[in-house]
Amino acid sequence: MKNALHIDDTEVELTAIRAQGPGGQNVNKVSSAIQLRFDVAHASLPDDVKQRWLQSGDSRLTQEGVFILKAQRHRTQEANRADAMARLYETLERYAKPPKPRKATKPTYGSVQRRLEGKAMQSRIKNDRRKTSH
């Protein structure tokens, strides 16, 4: 990637928390999961990237514009820390690229004909329902 965006480590807050799910007694006493908090609204990212991210409707964004991610796939804290950072950069990459502009297309000739035939058929059905005046 030629112009990759970088997030400063001081902008990311990593907290060790207890993981959920199976793990026996170990899951209750070892904080191996990582909660990552990244303030998108006040980050040192380009404004267009921040706007796309904040308007994305991502459920991991708070109303204040803080991105919260929980990494608990691995058994070790270090592996979860690396996973959290990797997932943060994947998300950033998604919003770094502007969306492709939509190109308006014309309906095909066949689709126009089918639509008009359907309308004509519906018209005939309704016409047949009318009372005839003899």
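A: One aromatic cluster is formed by Phe38, Trp53, Phe67 and Tyr95. This is a predicted model, in which local features need pLDDT of at least 70 and side-chain atom pairs count only at pLDDT 80 or more, while totals for chains, interfaces and linings use all residues. Residues are numbered from 1 along each chain as its sequence is written, and side-chain values use heavy atoms, with hydrogens and water left out.

The structure holds three aromatic pairs. Rings of Phe, Tyr and Trp (its six-membered ring) pair if their centres lie within 6.5 Å; planes under 30 degrees apart count as stacked, over 60 as edge-to-face, and the rest as tilted. Take Trp53 and Phe67. Their ring centres are 5.3 Å apart and their planes meet at 65°, so this pair is edge-to-face. The pair links distant parts of the chain. Trp53 sits in helix 2 (residues 47–54) and Phe67 in strand 3 (residues 66–71), 14 residues apart. Helices (H or I, at least four residues) and strands (E, at least two) are DSSP runs, numbered from the N terminus. Both Trp53 and Phe67 are buried. Buried means under 20% relative accessible area, exposed over 50%, and partly exposed in between (1.4 Å probe, protein chains only).

Now the strands. Strand 3 pairs with strand 2 in the antiparallel sense, over six bridges. Two strands pair if DSSP finds at least two bridges between them. Val66 in strand 3 stands opposite Asp39. Strand 2 (residues 33–39) also pairs with strand 1 (residues 12–17), again antiparallel and over six bridges. There, Arg37 in strand 2 is the bridge partner of Glu13. In a regular strand, side chains alternate between the two faces of the sheet.

Next, helix 3 (residues 77–96), which holds Asp83. Asp83 counts as buried because its relative accessible area is 10%. Beyond its neighbours within four places in sequence, Asp83 is in contact (heavy atoms within 4.5 Å) with Ala71, Arg73 and His74. Ala82 is also found in helix 3. Ala82 is partly exposed, because its relative accessibility is 48%.

Last, confidence. pLDDT is the predictor's confidence in each residue, from 0 to 100. The protein's mean is 84, and 91% of its residues reach 70 or more. Helix 4 (residues 109–129) has the highest confidence, at 95. Helix 1 (residues 26–29) has the lowest, at a mean of 67. Where pLDDT is low, the predicted coordinates should not be read in detail.
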